[in-house]
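Reader: I'd like to learn how to read helices and their packing off a set of coordinates. Could you take me through an example?

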Amino acid sequence: MVPNSINMVSLLGPGDEHLGLIERSFDAEIHVRGNRISMRGEPGEVALAERLIDELVAIIRTGQGVTTETVERVLQMLRAET
């Protein structure tokens, strides 16, 4: 669940651009309804996708915008850690 204070367009991108990138990057089903994001799939992939969402929420909270490049950079960092 994404906090209500977070603008979902900021998180998911214009036209769900970031969501599409996230969906293509993980072997998991990702569904968004309102501010609720549910994921199903291989546990390691789901955990990594959840960490990505958490990181993007943290970036938005600092007042920074999230771009496609931001999503890709955070994803690369998380993949490098595992």
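Author: We'll go through the helices and a loop, one feature at a time. This is a predicted model: local features need pLDDT of at least 70, side-chain atom pairs count only at pLDDT 80 or more, and totals for chains, interfaces and linings use all residues. Residues are numbered from 1 along each chain as its sequence is written, and side-chain values use heavy atoms, with hydrogens and water left out.

Reader: Which residues of helix 3 are buried?

Author: Buried means under 20% relative accessible area, exposed over 50%, and partly exposed in between, using a 1.4 Å probe and protein chains only. An α-helix has 3.6 residues a turn, so residues three or four places apart point the same way. The buried set in helix 3 is Glu45, Val46, Leu48, Ala49, Leu52, Ile53, Leu56, Val57, Ile59 and Ile60. These pack against helix 1 (8–12), helix 2 (17–25), strand 1 (28–33), strand 2 (36–41) and helix 4 (68–81), where contact means heavy atoms within 4.5 Å.

Reader: And what caps the N-terminal end of helix 3?

Author: Look for a polar contact: a pair of N or O atoms within 3.5 Å, one able to donate a hydrogen and the other to accept it within protein, with sequence-adjacent residues counting only if both atoms are side-chain atoms. Glu42 is the cap, with a side-chain oxygen 3.1 Å from the backbone nitrogen of Gly44. After helix 3 comes Gly63, with a positive phi near 95°.

Reader: At what angle do helix 3 and helix 4 cross?

Author: Axes are lines fitted to C-alpha atoms, for helices over the stretch in contact, and angles run from 0 to 180 degrees between N-to-C directions. The axes of helix 3 and helix 4 come within 10 Å and cross at roughly 135°. That makes the pair oblique; under 35 degrees counts as roughly parallel, over 145 as roughly antiparallel, 65 to 115 as roughly perpendicular and the rest as oblique. On the helix 3 side the contact includes Leu48, Leu52 and Ile59, and on the helix 4 side Val71, Leu75 and Leu78.

Reader: How far apart are the axes of helix 2 and helix 4?

Author: They sit 10 Å apart, at an angle of about 25°, so helix 2 and helix 4 are roughly parallel. Among the residues that meet are His18, Leu21 and Ile22 in helix 2, and Val71 and Leu75 in helix 4.

Reader: Is His18 buried or exposed?

Author: His18 is buried, at 2% relative accessible area. Its side chain reaches the backbone nitrogen of Gly13 at 3.3 Å.

Reader: Last one: what is the phi of Asp16?

Author: Most residues other than glycine have a negative phi, and most peptide bonds are trans. Asp16 is not a glycine, yet its phi is positive, about 60°. Asp16 lies in the loop between helix 1 and helix 2 and is partly exposed, at 41%. Gly15 lies in that loop too, and is exposed at 81% relative accessibility.

Note on methods. Helix = DSSP H or I, 4+ residues; strand = E, 2+ residues; numbered from the N terminus.
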